[in-house]
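I opened this notebook page to record what I looked up in one structure. The entries below are kept in the order in which I made them.

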Amino acid sequence: AGGRGKDGAPIITFPEFSGFSEIPDEDFLNVVTYLTSIPSLEAASIGFIIIIDRRRDKWSAVKASLTRIAGAFPGNLQLVFVLRPSRFIQRTIADIGIKLYRDDFKMKVPIIMLNSVSDLHGYIDKSQLTRELGGTLEYGHSQWIHHRTAIENFAMTVKTIAQMLQTFGTDLAETELPNDVQCTEDLLSAHTDHHSKLKDELKLAVKQGATLLTCIREPVTRSANSKLSPDELENVATVERLLAQLDETEKAFDQFWTKHHLKLEQCLQLRHFEHDFREVKLALDNLMEAQAGFADIGDSVTRVEHLLREQKQLEEKGQEPLEKAQSLALHGEQLIQNNHYAVDSIRPKCVELRRICDDFTNETKKKYDILGKSLELHKQLDKASQWCEAGIYLLASQAVDKCQSQEGAETALVEIEKFLVTAKEHQLSNPKEFYNQFDMILTPEIKANAQRILQKLDDVQEMFDKRQVSLKKLAAKQTRPVQPVAPHPESSPKRASPKITRPA
C-alpha cells in the first residue's frame with residue numbers, strides 16, 4: 001500500500017483472504033517478487049516488514065501463510081507481524097503453534113504475534129497503515145494498479161524506443177555510402193524519414209511520461225495539504241528517471257544522427273561534385289582537343305585572318321566551360337574548408353580543373369601570338385611583293401625616248417628616288433633579321449615563299465640601281481657650248497690682206 005516502517009522499511013500486507021492457500025505457488029512467487037521489486041534498492045536493502053492479517057481465520061491459515069512466505073519470499077525480511085485469530089481457542093492454538101513450529105518456518109527474523117491492531121500501532125505509525133489496519137494511509141487498489149500499469153507501459157515504451165534507436169543507429173553505421181547522386185538522394189530521404197518517425201515516437205513517449213507524472217502528482221496538485229506516500233514518491237522518481245533516460249537516449253541519438261546526416265549530405269555534395277566534374281572535364285577535354293586541332297598558322301593574310309576569327313570563336317565558346325570549371329573548383333575548395341570527409345578526392349580534381357583552364361588560356365595566348373606573327377609576316381611579304389610589282393611597273397612606265405633628253409632623264413631619276421624612299425616602309429628587313437624575327441613560325445613553304453620574295457626584292461633593287469646609273473649618265477651628257485668670237489678689224493684699203501680659207 002506504500003507504507004513504511006520507522007526506519008523506512010517497506011511494508012507488505014497480506015490481508016484476510018479465504019482463498020489464499022489456493023493460489024498456485026508460481027503465481028504467489030510472481031506477485032511477491034513483483035512487490036519486492038517496486039521499492040527502490042535503498043529501501044529494499046533495509047528489509048521488508050510483513051503484516052499478515054488472520055484475525056478472522058484459523059491457526060492453520062496462519063501456519064500455511066508463514067510456511068509459504070518463509071519458503072518463497074524473495075526479498076530481505078526485517079519483521080513479520082501476525083494479527084492472530086481473535087477467537088480465544090484459535091489464539092491459544094496460535095501461541096502454542098508459533099512456539100512449536102518457529103524453527104520449521106526457517107525465518108531468521110522475529111515473528112511477532114499481535115492480538116489487535118492497537119498492538120500493531122505500537123510498532124508502526126498509523127499514517128503508514130491503511131484503514132483496514134486502523135491507519136490513515138489513503139490507498140485505492142484500482143488506482144494503484146492503474147499507476148503501476150501505466151509506469152510499466154511507459155518503461156516498456158522507453159525500452160522499445162531505446163532498442164529502435166539502437167537498431168537504427170547500427171543500421172546507419174553499417175550503411176555503405178552510394179556511388180551516384182540518385183542513390184545517395186534516395187538513401188538520405190529514406191534515413192531522414194525514418195529519423196522523423198523515431199523523433200515523433202520520442203515526442204509521443206515524452207508526452208506520455210509527462211501525462212503520467214501529472215496523474216501521479218494529482219492529489220498534491222488538487223490539495224496543498226495532501227502528501228504523496230513513499231510509494232507514490234518512488235513512482236514519481238521512477239517516471240522522472242525514465243524521462244531522464246529518454247532524454248539522454250534522445251540526445252545521444254541526436255548527436256549520432258547529426259554526424260550521420262552530415263556525412264550523408266557531404267556524400268551527396270561529393271556525388272554532385274563528381275558528376276559536375278565529369279561533365280566539365282569532358283567539355284574541357286573537347287575544348288582542348290579542338291584547340292589542338294588549330295595547328296595551321298596560315299599561308300596568306302586572308303587565311304591567317306580567317307584562322308584568327310576561328311580562334312576567337314573557340315575562345316568565346318570556351319568561356320562557359322571555363323567559367324563552370326573555375327566555379328566548380330571554387331566550390332570544391334569551399335567543401336574542403338567546411339571539413340569535408342573526402343578532401344583527398346576533391347583537392348586533386350580542383351587542381352586538375354585549374355590546370356586545364358590555365359593550359360587552355362596559355363595555349364590560346366600562344367595561338368594568338370603565333371597567328372599574330374604569321375599575320376605580320378604575310379603582311380610584310382605582301383607589301384614587299386606589292387612594292388616589287390609597283391617598282392617593276394614604274395620602271396616599265398618610263399619611256400626610253402623621253403629619258404634621252406637631260407630633262408627627261410632628270411625627271412625619271414626623281415621618280416625613282418621618290419619610289420626608293422618608300423622601300424623602308426614596304427620592304428622586308430634584311431634576311432638575317434627577318435629569319436630571327438619569324439623563326440618560330442617559318443614552315444618550309446613559308447620559308448620558300450619568303451626566299452622567293454627576298455630574291456625578287458634583290459632583283460628589283462638591282463634593276464633600279466642599273467636604271468639609276470643609266471639615267472645619271474644621260475643627265476650628265478651636255479652639248480659643247482659655242483664660244484662667241486669678236487669680228488676682226490677690216491684691212492686698210494691701202495693694204496690688202498690675203499684671204500685665208502678656214503674650215504667650217
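Entry 1, the model. I note at the outset that I am working with a predicted model.

I looked up how helix α10, residues 301-337, packs against helix α11, residues 343-397. The angle between them is about 165°, and their axes lie 9 Å apart. Angles over 145 degrees count as roughly antiparallel, so α10 is roughly antiparallel to α11. I recorded the crossing of α10 and α11 as left-handed. I then asked which kinds of residue form the contact of α10 with α11. The contact residues divide into 21 nonpolar, nine charged and six polar.

I located Asp231 in helix α9, which spans residues 230-292. Is Asp231 buried or exposed? Its relative accessible area is 11%; the limit for buried is under 20%, so Asp231 is buried. The side chain of Asp231 makes a polar contact with the side chain of Arg4, at 3.2 Å. Setting aside neighbours within four places in sequence, I found Asp231 in contact with Ala1, Gly2, Arg4 and Trp144.

I placed Leu413 in helix α12, residues 406-421. Leu413 counts as buried, with a relative accessibility of 10%. I next checked Leu413 against Gln468: the two are 55 residues apart in sequence, and their C-alpha atoms are 6.4 Å apart in space. Not counting residues up to four places away in sequence, Leu413 touches Gln468, Leu471 and Lys472.

How values were computed. Residues numbered from 1 in each chain as written. Predicted model: local features only at pLDDT ≥ 70, side-chain atom pairs only at ≥ 80, totals over all residues. Heavy atoms only, no water. Axes fitted to C-alpha atoms, helices over the stretch in contact; angles between N-to-C directions. Helix = DSSP H or I, 4+ residues; strand = E, 2+ residues; numbered from the N terminus. Parallel < 35°, antiparallel > 145°, perpendicular 65-115°, else oblique. Left-handed = near helix turned anticlockwise from the far one by under 90°. Nonpolar A, V, L, I, M, F, W, Y, C, P; charged D, E, K, R; others polar. Buried < 20%, exposed > 50% of the residue type's maximum accessible area, 1.4 Å probe, protein only. Polar contact = N/O pair within 3.5 Å; in protein donor to acceptor, adjacent residues only side chain to side chain. Contact = heavy atoms within 4.5 Å.
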